[in-house]
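Here is a short tour to read alongside the model. Keep the sequence and the 3D view open as you go.

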Amino acid sequence: MSSVRERCLPAFAWDTWVAMRKAQVAVVRASGYELGSVRPAVERALDLIGGLESVVRPGARVFVKINHLPPPSPPERGIITHPKLAEAVLTLLRDLTPHIALGDDIHPANPDGFTVSGYRELCRRLGVELVNLRERGFVRVPCAGVVLREVFLARAVAEAEVLVDLPKLKTHSLTLFTGAVKNMYGAIPAGLRTRYHGEYPKPAEFGQLLVDIFSVAKPHLTVMDGIMAMEGAGPANGTLRPLGLVLAGRDAVAVDAVASRIIGIDPFRVGTTKAAHERGLGVGDLQEIEVLGEPTFAVAGRDFRLPPIPAGEIVGWFPQALTGFVTRRLRPQPKVATKRCVGCGACAAACPTGAAQLRAGKARIDRRRCIQCMCCHEACRFGAIVLPQSRWALVLGARRRR
Ligand code: SF4
Ligand code: SF4
(Lines give C-alpha, C1' and ligand atoms only; values in the text may rest on other atoms or scores of the structure.)
(Ligands and ions follow the chains in the order given, each with its own letter.)
Protein backbone atom coordinates (compact mmCIF):
# COMPACT_ATOMS: atom_id res chain seq x y z
CA MET A 1 0.00 0.00 0.00
CA SER A 2 1.38 3.42 -0.90
CA SER A 3 2.06 5.90 1.90
CA VAL A 4 0.35 9.27 2.30
CA ARG A 5 3.53 10.84 0.98
CA GLU A 6 3.52 8.79 -2.23
CA ARG A 7 -0.16 9.37 -2.83
CA CYS A 8 -0.34 13.09 -2.11
CA LEU A 9 3.04 14.76 -2.60
CA PRO A 10 5.91 14.67 -5.10
CA ALA A 11 9.30 14.04 -3.46
CA PHE A 12 10.56 17.65 -3.60
CA ALA A 13 7.35 18.98 -2.03
CA TRP A 14 7.59 16.39 0.74
CA ASP A 15 11.22 17.39 1.46
CA THR A 16 10.28 21.08 1.61
CA TRP A 17 7.39 20.34 3.91
CA VAL A 18 9.60 18.26 6.22
CA ALA A 19 12.23 21.02 6.28
CA MET A 20 9.64 23.62 7.27
CA ARG A 21 8.21 21.52 10.07
CA LYS A 22 9.54 21.34 13.58
CA ALA A 23 11.58 18.27 14.40
CA GLN A 24 9.26 15.66 15.83
CA VAL A 25 9.97 13.33 18.72
CA ALA A 26 7.51 10.74 19.94
CA VAL A 27 7.45 9.88 23.63
CA VAL A 28 5.41 6.80 24.51
CA ARG A 29 4.98 4.90 27.75
CA ALA A 30 5.92 1.21 28.03
CA SER A 31 5.41 -0.61 31.30
CA GLY A 32 8.33 -3.00 30.80
CA TYR A 33 10.27 -5.17 28.40
CA GLU A 34 7.59 -7.80 27.83
CA LEU A 35 6.98 -7.87 24.10
CA GLY A 36 3.28 -7.24 24.72
CA SER A 37 4.22 -3.88 26.20
CA VAL A 38 7.28 -2.80 24.26
CA ARG A 39 6.05 -3.69 20.78
CA PRO A 40 2.83 -1.59 20.93
CA ALA A 41 4.88 1.26 22.41
CA VAL A 42 7.42 1.14 19.58
CA GLU A 43 4.65 0.81 17.01
CA ARG A 44 2.80 3.82 18.39
CA ALA A 45 5.97 5.91 18.61
CA LEU A 46 6.77 5.15 14.97
CA ASP A 47 3.20 5.89 13.89
CA LEU A 48 3.37 9.27 15.62
CA ILE A 49 6.42 10.30 13.58
CA GLY A 50 4.92 9.23 10.27
CA GLY A 51 5.30 5.46 10.24
CA LEU A 52 8.25 3.22 9.53
CA GLU A 53 7.41 3.21 5.83
CA SER A 54 8.20 6.93 5.68
CA VAL A 55 11.82 6.02 6.54
CA VAL A 56 12.35 2.55 5.06
CA ARG A 57 11.40 1.84 1.48
CA PRO A 58 10.46 -1.77 0.72
CA GLY A 59 13.53 -3.94 0.20
CA ALA A 60 16.01 -1.38 1.56
CA ARG A 61 19.27 -2.52 3.18
CA VAL A 62 18.94 -1.59 6.84
CA PHE A 63 21.57 -1.58 9.56
CA VAL A 64 20.43 -1.35 13.17
CA LYS A 65 23.09 0.05 15.52
CA ILE A 66 22.53 -1.03 19.10
CA ASN A 67 24.44 0.16 22.15
CA HIS A 68 26.38 -2.95 23.24
CA LEU A 69 28.87 -1.21 25.51
CA PRO A 70 31.87 -3.50 26.18
CA PRO A 71 32.69 -5.58 28.20
CA PRO A 72 29.64 -7.86 27.76
CA SER A 73 26.73 -7.60 30.15
CA PRO A 74 23.26 -9.13 30.33
CA PRO A 75 20.33 -6.82 29.56
CA GLU A 76 19.16 -6.78 33.21
CA ARG A 77 22.24 -4.69 34.08
CA GLY A 78 20.70 -1.86 32.07
CA ILE A 79 23.97 -1.00 30.31
CA ILE A 80 23.02 -2.03 26.79
CA THR A 81 20.01 -1.50 24.55
CA HIS A 82 17.54 -4.13 25.72
CA PRO A 83 17.10 -6.91 23.11
CA LYS A 84 13.32 -6.81 23.59
CA LEU A 85 13.23 -3.23 22.35
CA ALA A 86 15.40 -4.29 19.40
CA GLU A 87 13.07 -7.24 18.78
CA ALA A 88 10.09 -4.91 18.56
CA VAL A 89 11.89 -2.74 15.99
CA LEU A 90 13.21 -5.73 14.02
CA THR A 91 9.81 -7.39 13.70
CA LEU A 92 8.33 -4.16 12.34
CA LEU A 93 11.25 -3.72 9.94
CA ARG A 94 10.78 -7.26 8.65
CA ASP A 95 7.37 -6.27 7.30
CA LEU A 96 9.18 -3.90 4.94
CA THR A 97 12.46 -5.54 4.05
CA PRO A 98 14.31 -8.84 4.43
CA HIS A 99 17.71 -7.09 4.26
CA ILE A 100 18.28 -6.29 7.92
CA ALA A 101 21.52 -6.48 9.87
CA LEU A 102 22.03 -5.51 13.50
CA GLY A 103 25.19 -5.07 15.49
CA ASP A 104 27.88 -3.17 17.32
CA ASP A 105 31.62 -3.42 17.77
CA ILE A 106 32.52 -6.00 20.39
CA HIS A 107 35.65 -7.83 21.50
CA PRO A 108 35.60 -11.41 20.15
CA ALA A 109 36.14 -12.77 23.64
CA ASN A 110 35.05 -15.86 25.45
CA PRO A 111 32.27 -15.82 26.56
CA ASP A 112 30.77 -14.39 23.40
CA GLY A 113 29.35 -10.93 24.19
CA PHE A 114 26.33 -11.31 21.91
CA THR A 115 25.42 -14.55 23.70
CA VAL A 116 25.69 -12.87 27.10
CA SER A 117 23.42 -10.03 26.00
CA GLY A 118 20.90 -12.29 24.23
CA TYR A 119 21.42 -10.72 20.80
CA ARG A 120 22.81 -13.89 19.23
CA GLU A 121 19.69 -15.85 20.16
CA LEU A 122 17.43 -12.99 19.09
CA CYS A 123 18.98 -12.59 15.64
CA ARG A 124 19.04 -16.34 15.04
CA ARG A 125 15.35 -16.59 15.97
CA LEU A 126 14.35 -13.66 13.73
CA GLY A 127 16.64 -14.54 10.84
CA VAL A 128 18.44 -11.19 11.13
CA GLU A 129 22.14 -10.93 10.35
CA LEU A 130 24.20 -10.20 13.48
CA VAL A 131 27.32 -8.15 12.78
CA ASN A 132 30.36 -7.59 14.93
CA LEU A 133 31.51 -4.38 13.27
CA ARG A 134 35.21 -5.17 13.51
CA GLU A 135 34.75 -8.42 11.59
CA ARG A 136 33.13 -6.61 8.65
CA GLY A 137 35.91 -4.02 8.60
CA PHE A 138 36.07 -0.24 8.39
CA VAL A 139 36.20 2.22 5.52
CA ARG A 140 37.76 5.65 5.28
CA VAL A 141 35.07 8.36 4.99
CA PRO A 142 35.98 12.02 4.36
CA CYS A 143 34.76 14.31 7.13
CA ALA A 144 34.64 18.11 7.13
CA GLY A 145 34.57 18.10 10.90
CA VAL A 146 35.84 20.42 13.60
CA VAL A 147 38.42 17.88 14.77
CA LEU A 148 38.48 15.13 12.13
CA ARG A 149 39.15 15.22 8.41
CA GLU A 150 38.26 11.56 7.94
CA VAL A 151 36.46 8.89 9.90
CA PHE A 152 37.21 5.17 9.91
CA LEU A 153 33.62 4.07 9.83
CA ALA A 154 32.27 0.54 10.14
CA ARG A 155 31.59 -0.81 6.68
CA ALA A 156 28.19 -2.14 7.80
CA VAL A 157 27.19 1.39 8.82
CA ALA A 158 28.71 3.14 5.81
CA GLU A 159 27.08 0.81 3.29
CA ALA A 160 23.59 0.70 4.80
CA GLU A 161 20.84 2.46 2.88
CA VAL A 162 18.96 3.08 6.10
CA LEU A 163 20.69 3.49 9.46
CA VAL A 164 18.57 2.86 12.53
CA ASP A 165 19.98 3.98 15.88
CA LEU A 166 18.84 2.18 19.05
CA PRO A 167 20.54 4.00 21.93
CA LYS A 168 20.00 3.55 25.65
CA LEU A 169 19.05 6.50 27.82
CA LYS A 170 21.82 6.88 30.42
CA THR A 171 23.92 9.42 32.24
CA HIS A 172 27.61 9.53 31.37
CA SER A 173 30.44 10.39 33.73
CA LEU A 174 32.42 12.23 31.06
CA THR A 175 29.78 13.66 28.71
CA LEU A 176 26.93 13.95 31.26
CA PHE A 177 24.39 12.24 29.01
CA THR A 178 24.65 9.48 26.43
CA GLY A 179 22.06 8.72 23.79
CA ALA A 180 21.62 8.73 20.05
CA VAL A 181 24.56 10.90 18.93
CA LYS A 182 27.13 9.24 21.18
CA ASN A 183 25.97 5.77 20.17
CA MET A 184 27.69 6.31 16.82
CA TYR A 185 31.08 6.42 18.58
CA GLY A 186 30.79 2.62 18.61
CA ALA A 187 30.92 2.64 14.80
CA ILE A 188 34.67 3.36 14.70
CA PRO A 189 37.46 0.91 15.63
CA ALA A 190 37.99 0.20 19.34
CA GLY A 191 41.65 1.18 19.15
CA LEU A 192 40.74 4.59 17.75
CA ARG A 193 38.06 5.08 20.42
CA THR A 194 40.70 4.58 23.09
CA ARG A 195 43.23 6.77 21.27
CA TYR A 196 40.79 9.65 20.80
CA HIS A 197 40.06 9.68 24.52
CA GLY A 198 43.76 10.28 25.06
CA GLU A 199 44.13 12.85 22.28
CA TYR A 200 41.00 14.86 23.10
CA PRO A 201 40.66 14.76 26.89
CA LYS A 202 38.77 18.07 27.15
CA PRO A 203 35.01 17.38 27.20
CA ALA A 204 34.19 20.20 24.74
CA GLU A 205 36.75 18.98 22.21
CA PHE A 206 35.68 15.37 22.71
CA GLY A 207 32.07 16.41 22.15
CA GLN A 208 33.04 17.98 18.81
CA LEU A 209 34.82 14.77 17.85
CA LEU A 210 31.70 12.75 18.65
CA VAL A 211 29.69 15.08 16.46
CA ASP A 212 32.26 14.76 13.65
CA ILE A 213 31.68 11.01 13.67
CA PHE A 214 27.92 11.51 13.89
CA SER A 215 28.08 13.85 10.87
CA VAL A 216 29.16 10.94 8.64
CA ALA A 217 26.90 8.38 10.31
CA LYS A 218 23.62 10.21 10.73
CA PRO A 219 20.80 7.81 11.53
CA HIS A 220 17.62 7.98 9.50
CA LEU A 221 15.65 6.82 12.50
CA THR A 222 16.27 6.70 16.23
CA VAL A 223 14.34 4.58 18.71
CA MET A 224 15.63 5.13 22.23
CA ASP A 225 15.39 2.62 25.06
CA GLY A 226 14.23 4.70 28.01
CA ILE A 227 12.24 1.91 29.64
CA MET A 228 14.95 1.20 32.19
CA ALA A 229 17.27 4.21 32.23
CA MET A 230 20.47 4.72 34.19
CA GLU A 231 21.12 7.56 36.62
CA GLY A 232 24.16 8.54 38.69
CA ALA A 233 27.58 7.38 37.54
CA GLY A 234 26.61 6.05 34.09
CA PRO A 235 27.08 4.72 31.48
CA ALA A 236 27.98 1.40 33.14
CA ASN A 237 28.16 1.91 36.88
CA GLY A 238 25.13 4.04 37.61
CA THR A 239 21.85 3.01 39.19
CA LEU A 240 18.92 1.62 37.25
CA ARG A 241 15.99 3.99 37.09
CA PRO A 242 12.68 2.83 35.62
CA LEU A 243 11.34 5.56 33.33
CA GLY A 244 9.03 3.37 31.23
CA LEU A 245 9.56 5.32 28.01
CA VAL A 246 10.27 4.73 24.35
CA LEU A 247 11.36 7.76 22.34
CA ALA A 248 11.49 7.90 18.56
CA GLY A 249 12.38 10.46 15.94
CA ARG A 250 13.97 10.98 12.58
CA ASP A 251 16.26 13.61 14.09
CA ALA A 252 18.67 11.92 16.51
CA VAL A 253 19.75 15.26 18.01
CA ALA A 254 16.14 16.14 18.79
CA VAL A 255 15.62 12.74 20.43
CA ASP A 256 18.67 13.38 22.64
CA ALA A 257 17.39 16.87 23.48
CA VAL A 258 13.99 15.60 24.59
CA ALA A 259 15.49 12.66 26.50
CA SER A 260 17.90 14.87 28.40
CA ARG A 261 15.07 17.31 29.22
CA ILE A 262 13.04 14.39 30.61
CA ILE A 263 15.84 13.54 33.04
CA GLY A 264 16.24 17.16 34.05
CA ILE A 265 19.20 18.27 31.95
CA ASP A 266 19.14 21.39 29.82
CA PRO A 267 19.86 19.92 26.33
CA PHE A 268 22.50 22.53 25.61
CA ARG A 269 24.48 21.37 28.64
CA VAL A 270 25.07 18.20 26.66
CA GLY A 271 28.10 18.95 24.49
CA THR A 272 27.02 16.72 21.60
CA THR A 273 23.51 18.20 21.43
CA LYS A 274 24.83 21.77 21.51
CA ALA A 275 27.55 21.14 18.94
CA ALA A 276 25.28 19.17 16.59
CA HIS A 277 22.59 21.87 16.80
CA GLU A 278 25.06 24.68 16.13
CA ARG A 279 26.47 22.76 13.17
CA GLY A 280 23.02 22.22 11.66
CA LEU A 281 23.14 18.46 12.06
CA GLY A 282 19.90 18.31 13.96
CA VAL A 283 17.66 20.27 16.29
CA GLY A 284 18.66 20.60 19.93
CA ASP A 285 16.48 23.59 20.80
CA LEU A 286 13.32 22.40 22.53
CA GLN A 287 11.42 25.38 21.10
CA GLU A 288 11.95 23.88 17.66
CA ILE A 289 10.87 20.37 18.60
CA GLU A 290 7.34 19.06 18.59
CA VAL A 291 6.89 16.38 21.22
CA LEU A 292 4.19 13.88 20.28
CA GLY A 293 2.54 11.41 22.62
CA GLU A 294 3.33 12.10 26.27
CA PRO A 295 4.27 15.68 27.17
CA THR A 296 7.75 15.86 28.71
CA PHE A 297 6.50 17.40 31.99
CA ALA A 298 4.21 14.39 32.48
CA VAL A 299 6.99 11.83 32.15
CA ALA A 300 9.92 13.73 33.66
CA GLY A 301 12.10 11.66 35.99
CA ARG A 302 12.01 13.72 39.19
CA ASP A 303 15.36 14.13 40.98
CA PHE A 304 17.18 12.08 38.40
CA ARG A 305 20.69 11.71 39.81
CA LEU A 306 23.46 13.07 37.62
CA PRO A 307 27.14 12.06 37.48
CA PRO A 308 29.58 13.75 39.87
CA ILE A 309 31.03 16.07 37.26
CA PRO A 310 31.32 19.84 37.47
CA ALA A 311 28.55 22.18 36.50
CA GLY A 312 29.27 24.28 33.44
CA GLU A 313 28.35 27.51 35.20
CA ILE A 314 30.89 26.85 37.97
CA VAL A 315 33.62 26.32 35.40
CA GLY A 316 32.42 29.48 33.67
CA TRP A 317 33.16 31.58 36.75
CA PHE A 318 36.86 31.29 35.97
CA PRO A 319 38.78 33.11 33.22
CA GLN A 320 39.12 31.21 29.95
CA ALA A 321 42.84 30.63 30.48
CA LEU A 322 42.11 28.74 33.70
CA THR A 323 39.24 26.63 32.36
CA GLY A 324 41.32 23.49 31.71
CA PHE A 325 43.04 23.77 35.10
CA VAL A 326 39.73 24.25 36.93
CA THR A 327 37.91 21.50 35.04
CA ARG A 328 40.61 18.99 35.89
CA ARG A 329 40.29 19.80 39.58
CA LEU A 330 36.51 19.79 39.64
CA ARG A 331 36.23 16.52 37.78
CA PRO A 332 36.39 13.38 39.95
CA GLN A 333 39.64 11.45 40.01
CA PRO A 334 38.86 7.73 39.49
CA LYS A 335 39.97 5.47 42.32
CA VAL A 336 40.11 1.69 42.69
CA ALA A 337 37.92 0.11 45.37
CA THR A 338 40.44 -2.67 45.89
CA LYS A 339 38.11 -5.06 47.72
CA ARG A 340 35.73 -5.14 44.76
CA CYS A 341 38.47 -5.48 42.14
CA VAL A 342 38.69 -8.98 40.71
CA GLY A 343 41.74 -8.21 38.57
CA CYS A 344 40.01 -8.74 35.22
CA GLY A 345 42.14 -6.06 33.56
CA ALA A 346 39.29 -4.44 31.58
CA CYS A 347 40.17 -1.00 33.00
CA ALA A 348 43.82 -1.32 31.98
CA ALA A 349 42.81 -2.42 28.47
CA ALA A 350 40.52 0.61 28.14
CA CYS A 351 42.96 3.19 29.53
CA PRO A 352 44.40 5.41 26.77
CA THR A 353 47.42 6.58 28.78
CA GLY A 354 48.54 3.50 30.69
CA ALA A 355 47.55 5.14 33.98
CA ALA A 356 45.38 2.14 34.91
CA GLN A 357 47.44 -1.00 35.32
CA LEU A 358 47.20 -4.37 36.99
CA ARG A 359 49.66 -5.01 39.79
CA ALA A 360 49.59 -8.14 41.91
CA GLY A 361 46.16 -9.00 40.56
CA LYS A 362 44.57 -5.65 41.42
CA ALA A 363 44.03 -2.48 39.41
CA ARG A 364 46.07 0.60 40.27
CA ILE A 365 45.74 4.13 38.88
CA ASP A 366 48.73 6.41 38.45
CA ARG A 367 47.25 9.86 39.00
CA ARG A 368 50.11 11.60 37.18
CA ARG A 369 49.26 9.81 33.93
CA CYS A 370 45.49 9.96 34.37
CA ILE A 371 43.57 12.34 32.09
CA GLN A 372 40.21 11.67 33.85
CA CYS A 373 38.59 10.31 30.71
CA MET A 374 36.51 7.81 32.77
CA CYS A 375 37.15 4.94 30.32
CA CYS A 376 38.25 2.70 33.21
CA HIS A 377 35.04 3.48 35.09
CA GLU A 378 33.00 2.69 31.99
CA ALA A 379 34.86 -0.59 31.42
CA CYS A 380 34.61 -2.00 34.93
CA ARG A 381 31.67 -4.38 35.42
CA PHE A 382 32.39 -4.89 39.14
CA GLY A 383 31.84 -1.36 40.44
CA ALA A 384 35.50 -1.31 41.45
CA ILE A 385 36.33 2.06 39.90
CA VAL A 386 34.71 4.77 41.97
CA LEU A 387 34.38 8.48 41.28
CA PRO A 388 34.63 10.40 44.53
CA GLN A 389 33.65 14.06 44.33
CA SER A 390 36.79 16.18 44.13
CA ARG A 391 37.66 18.39 47.12
CA TRP A 392 37.42 21.47 44.91
CA ALA A 393 33.96 20.46 43.78
CA LEU A 394 32.86 19.86 47.36
CA VAL A 395 34.14 23.28 48.44
CA LEU A 396 32.48 25.06 45.52
CA GLY A 397 29.29 23.01 45.69
CA ALA A 398 29.96 22.32 42.06
CA ARG A 399 27.91 19.20 41.60
CA ARG A 400 26.35 19.29 38.17
CA ARG A 401 23.11 21.22 38.33
CA ARG A 402 20.05 21.07 36.20
S1 SF4 B 1 39.02 -2.24 38.60
FE2 SF4 B 1 37.32 -3.33 37.61
S3 SF4 B 1 37.94 -3.49 35.47
FE4 SF4 B 1 39.77 -2.98 36.64
S5 SF4 B 1 40.72 -4.96 37.08
FE6 SF4 B 1 39.46 -4.43 38.84
S7 SF4 B 1 37.49 -5.40 38.43
FE8 SF4 B 1 38.58 -5.38 36.48
S1 SF4 C 1 43.01 5.78 34.69
FE2 SF4 C 1 40.92 5.82 33.91
S3 SF4 C 1 40.34 7.97 33.85
FE4 SF4 C 1 42.57 7.87 34.06
S5 SF4 C 1 43.33 7.97 31.96
FE6 SF4 C 1 43.13 5.81 32.46
S7 SF4 C 1 41.09 5.24 31.78
FE8 SF4 C 1 41.16 7.47 31.81
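## Overall picture

Among contacts in the protein chain between residues at least 6 apart in sequence, 74% join residues at least 24 apart; two residues are in contact if their C-beta atoms, placed from the backbone, lie within 7 Å. This is a predicted model, in which local features need pLDDT of at least 70, side-chain atom pairs count only at pLDDT 80 or more, and totals for chains, interfaces and linings use all residues. Residues are numbered from 1 along each chain as its sequence is written, while chains are lettered from A and ligands numbered from 1 in the order in which they are written.

The protein chain has 19 helices and 16 strands; these are DSSP runs numbered from the N terminus, helices being H or I of at least four residues and strands E of at least two. Of its 402 residues, 49% count as buried. A residue is buried if 20 or more other C-beta atoms lie within 10 Å of its own, exposed if 12 or fewer, and partly exposed in between, with C-beta atoms placed from the backbone.

## The cores and helix α12

A nonpolar core here is a set of buried Ala, Val, Leu, Ile, Met, Phe, Trp, Tyr and Cys residues joined through C-beta atoms within 7 Å. The largest has 99 residues, and Val 64, Val 89, Ile 213, Val 246, Leu 247 and Val 258 have the most contacts inside it. The element that gives the most to this core is α12, with eight residues. Apart from it lies another core, of 16 residues, among them Cys 351, Ala 363, Met 374 and Ile 385.

Ten of the eleven residues of α12 are buried, including Val 253, Val 255 and Ile 262. Beyond its neighbours within four places in sequence, Val 258 is in contact with Val 25, Val 27, Leu 247, Ile 289, Val 291 and Thr 296. Gly 264, which follows α12, has a positive phi near 90 degrees.

Further on, Arg 269 sits in the loop between α12 (252–262) and α13 (271–278). Arg 269 counts as partly exposed because it has 18 C-beta neighbours inside 10 Å. Its C-alpha atom is separated by 9.9 Å from that of Ala 257, twelve residues away along the chain.

## Strand pairings

Two strands pair if DSSP finds at least two bridges between them.

| Strands | Sense | Bridges | Opposite residues |
|---|---|---|---|
| β8 and β10 (221–231) | parallel | two | Lys 168 and Asp 225 |
| β8 and β9 (176–178) | antiparallel | three | Lys 170 and Thr 178 |

Strand β8 (residues 168–172) is largely enclosed by the rest of the structure, because five of its five residues are buried. Lys 168, Lys 170 and His 172 point one way from β8, with Leu 169 and Thr 171 pointing the other way. A hairpin through three residues links β8 to β9. The hairpin of β14 and β15 has two residues between the strands, and Ala 360 in its turn has a positive phi of about 55 degrees.

## Around the ligands

Which residues come closest to ligand 1? They are Cys 341, Cys 344, Cys 347, Ala 363 and Cys 380, out of 14 that surround it, counting those whose C-beta atom, placed from the backbone, lies within 6 Å. Ligand 2 is also surrounded by 14 residues, the closest being Cys 351, Ala 355, Cys 370, Cys 373 and Cys 376.
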